[in-house]
Amino acid sequence: MQRHYVMYYEMSYGLNIEMHKQAEIVKRLSGICAQIIPFLTQEHQQQVLQAIERAKQVTVGELNSLIGQQLQPLSHHAPPVPLTPRPEPFIPLLSGQQLHTFPCCMWGPMGRGPW
């Protein structure tokens with residue numbers, strides 16, 4: 001029983017560390033975007049702001065779909081691993097099954113990436 005507790009504790013600690021890393025990455029990318037946006041033309045500012053807003057509304061299902069599409073060329077190697085909602089330590093990042101991060105790969109027309 002103690003072995004299971006230690007294993008659970010280590011996993012929880014690792015997930016918590018990873019959550020803080022991701023939060024720090026989001027904070028830094030947000031800062032970079034905030035500094036760069038004023039230097040863009042008005043048209044590009046609107047496009048970037050729309051893409052950021054769209055990226056904030058990406059659901060876990062959409063993220064799974066995008067990951068699946070990216071992994072299709074690799075499907076002859078191994079089946080894609082589905083992304084599921086993370087356990088308890090990650091709940092603050094999810095609200096109503098919507099992610100509150102905006103990966104740069106999501107930027108593009110209407111917040112869509114190159115896929």
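Lys-56 and Glu-53 both belong to helix H2 and stand three residues apart, about one turn of the helix, where helices (H or I, at least four residues) and strands (E, at least two) are DSSP runs numbered from the N terminus. Their side chains meet in a salt bridge, at 3.4 Å from N to O; the term stands for a side-chain nitrogen of Lys or Arg within 4 Å of a carboxyl oxygen of Asp or Glu. Lys-56 is partly exposed, with a relative accessible area of 33%, and Glu-53, at 41% relative accessibility, also counts as partly exposed. In these terms, buried means under 20% relative accessible area, exposed over 50%, and partly exposed in between (1.4 Å probe, protein chains only).

The model is a predicted one, in which local features need pLDDT of at least 70 and side-chain atom pairs count only at pLDDT 80 or more, while totals for chains, interfaces and linings use all residues. Residues are numbered from 1 along each chain as its sequence is written, and side-chain values use heavy atoms, with hydrogens and water left out.

## The rest of helix H2

Helix H2 covers residues 42-56, and Gln-45 lies within this helix. The 15 residues of H2 should span 21 Å at 1.5 Å a residue, and this agrees with the end C-alpha atoms, which are 21 Å apart; the expected span of a helix is taken as 1.5 Å times one less than its number of residues.

The buried residues of H2 are Gln-45, Val-48, Ala-51, Ile-52, Arg-54 and Ala-55. Gln-45 counts as buried because its relative accessibility is 15%. When its neighbours within four places in sequence are left aside, Gln-45 is in contact (heavy atoms within 4.5 Å) with Ile-37, Pro-38 and Leu-40.

In the bridge between Glu-24 and Lys-27, the closest N and O atoms are 3.4 Å apart, and both residues lie in helix H1, three residues apart, about one turn of the helix. In the bridge between Glu-24 and Arg-28, the closest N and O atoms are 3.0 Å apart; these two residues are separated by about one helical turn, because they are four residues apart in helix H1.

Glu-24 itself is partly exposed, with a relative accessible area of 31%. Lys-27 is exposed, at a relative accessible area of 55%, and Arg-28 is likewise exposed, with a value of 57%.

## Tyrosines and a nonpolar patch

Helix H1 comprises residues 2-36 and is also the place of Tyr-9. Tyr-9 and Tyr-13 both lie in this helix, four residues apart, about one turn of the helix. A pair of aromatic rings is described by the distance of the centres and the angle of the planes. The structure holds one aromatic pair: the rings of Tyr-9 and Tyr-13 have their centres 6.4 Å apart and their planes at 20°, so the pair is stacked. Rings of Phe, Tyr and Trp (its six-membered ring) pair if their centres lie within 6.5 Å, and planes under 30 degrees apart count as stacked, over 60 as edge-to-face and the rest as tilted.

Tyr-9 counts as partly exposed, at 48% relative accessibility. Together with Tyr-5, Val-6, Tyr-13 and Ile-17, Tyr-9 forms a nonpolar patch on the surface, with about 530 Å² of accessible area together. Patches are made of residues with over 30% relative accessible area and no salt bridge, with like charges joined within 9 Å and nonpolar side chains (Val, Leu, Ile, Met, Phe, Trp, Tyr) within 5 Å. Accessible areas come from the Shrake-Rupley method with a 1.4 Å probe, and for residues only the protein chains shown count as cover.

## The chain as a whole

The protein chain has three helices and two strands, and from the N terminus on its elements run α-α-α-β-β. Of its 115 residues, 17% count as buried. The accessible surface of the protein chain comes to about 8,800 Å², of which 63% belongs to carbon and sulfur atoms. Among contacts in the protein chain between residues at least 6 apart in sequence, 62% join residues at least 24 apart.
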